[in-house]
Amino acid sequence: MKRLLSPSMMCADFRNLEREVRALEKAGSDLFHIDVMDGVYTPNLTLGLQDIKAIRSLTSLPLDAHLMMVNPGDKIDWFIKAGCDIIYIHPKADAFPTKTLLKIKEAGVHPGIAINPEESVESVREMLPLCDDLLIMSVHPGFAGQKFLDFVEPKIKELVKLKSTYGYTIFLDGNCTPAVIEKYANIGVDGFVLGTSALFRDGLSYQEALAGLR
Ligand code: DX5
Ligand code: ZN
């Protein structure tokens, strides 16, 4: 099964965005992970619509937008229009998350939910049939360079087991080191968000990093 590798663009060198996008694509990336934060849901600000539009103009690879913001439903058209292929919302940040997921689907974009470390499968079960993709957070959302939270392992295994029931694709987001990727790809996780733990590291070319993760 092919491991889907998704560079976290918040970790890229924004002084040279075009060079980064082209180098990451040439190195074999499968899609681009775009962390959007509003400074309210998470205490950080990262990429915005301008960045999505710029990246969209540079590649035909899928873009997945990870919306770490309150009331994503009110803003979802912005990301649909900007050309995102997958849009993840944090359900607790939305008054009507199933409504938002259905709206994403109706627009021909893949809907997904980002599941925080403290959120159980039970707490999101009603949304699983509406998701094409799941983003399982193995760190608390908002910052790169954090440590993998091992207590999410049972939940990962539970959601992998439910893949055949709901048909979603599973991505892991947060401190995905080569060892984490090896371990969780082997138990059925489909894709990985690559940040400072496996890709954006001094002395490692994008080509070498991605080849080593295949
Ligand atoms: C948070 C971000 C981070 C980051 C991943 O939502 O998605 O998880 O980009 O990179 P590292 O490997 O630094 O955790
Ligand atoms: Zn993310």
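Guide: Contact means heavy atoms within 4.5 Å. Leaving aside its neighbours within four places in sequence, Thr42 is in contact with Met37, Met68, Pro141 and Gly142. Thr42 is placed in the loop between strand 2 and helix 2, where helices (H or I, at least four residues) and strands (E, at least two) are DSSP runs, numbered from the N terminus. This is a predicted model, in which local features need pLDDT of at least 70 and side-chain atom pairs count only at pLDDT 80 or more, while totals for chains, interfaces and linings use all residues. Residues are numbered from 1 along each chain as its sequence is written, chains are lettered from A and ligands numbered from 1 in the order in which they are written, and side-chain values use heavy atoms, with hydrogens and water left out.

Visitor: Is Thr42 buried or exposed?

Guide: Buried means under 20% relative accessible area, exposed over 50%, and partly exposed in between (1.4 Å probe, protein chains only). Thr42 has 2% relative accessibility and therefore counts as buried.

Visitor: Which residues are the protein donors of the zinc ion (ligand 2)?

Guide: Donors are N, O and S atoms within 2.8 Å of the metal (3.2 Å for Na, K and Ca); water is not among the atoms, so sites may look incomplete. Here the protein donors are His33 (NE2), Asp35 (OD), His66 (ND1) and Asp173 (OD), at 2.1 to 2.2 Å from the zinc ion. Along the chain these donors follow the spacing H-x1-D-x30-H-x106-D.

Visitor: Which residues have the most contacts inside the largest nonpolar core?

Guide: A nonpolar core is a set of buried Ala, Val, Leu, Ile, Met, Phe, Trp, Tyr and Cys residues joined through side-chain atoms within 4.5 Å. The largest has 64 residues, and Ile113 and Leu172 have the most contacts inside it. A second, separate core of nine residues includes Leu31, Tyr88, Met137 and Val193. Beyond four places in sequence, the contacts of Leu172 include Ile136, Phe148, Tyr184 and Phe192.

Visitor: How many aromatic pairs does a search of the whole structure find?

Guide: A pair of aromatic rings is described by the distance of the centres and the angle of the planes. Rings of Phe, Tyr and Trp (its six-membered ring) pair if their centres lie within 6.5 Å; planes under 30 degrees apart count as stacked, over 60 as edge-to-face and the rest as tilted. The search finds four pairs. One of them joins Trp78 and Phe79, with centres 6.5 Å apart and planes at 40 degrees, so this pair is tilted. Trp78 is partly exposed at 46% relative accessibility, whereas Phe79 is buried at 3%. Tyr166 and Tyr168 form a stacked pair, 6.1 Å centre to centre with 15 degrees between the planes. Tyr166 is partly exposed, at 24%, and Tyr168 is buried, at 2%.

Visitor: Which residues of helix 2 are buried, and what covers them?

Guide: In helix 2 (residues 49-58), Ile52, Ile55 and Leu58 are buried. Seen down the helix axis, the buried residues fall within an arc of 125 degrees (taken from the directions from the axis to the C-beta atoms), so they line one face of helix 2. On the other side, Gln50 and Ser57 are exposed. The cover of the buried residues includes helix 1 (17-26), strand 2 (32-37), strand 3 (63-68) and helix 3 (76-81).
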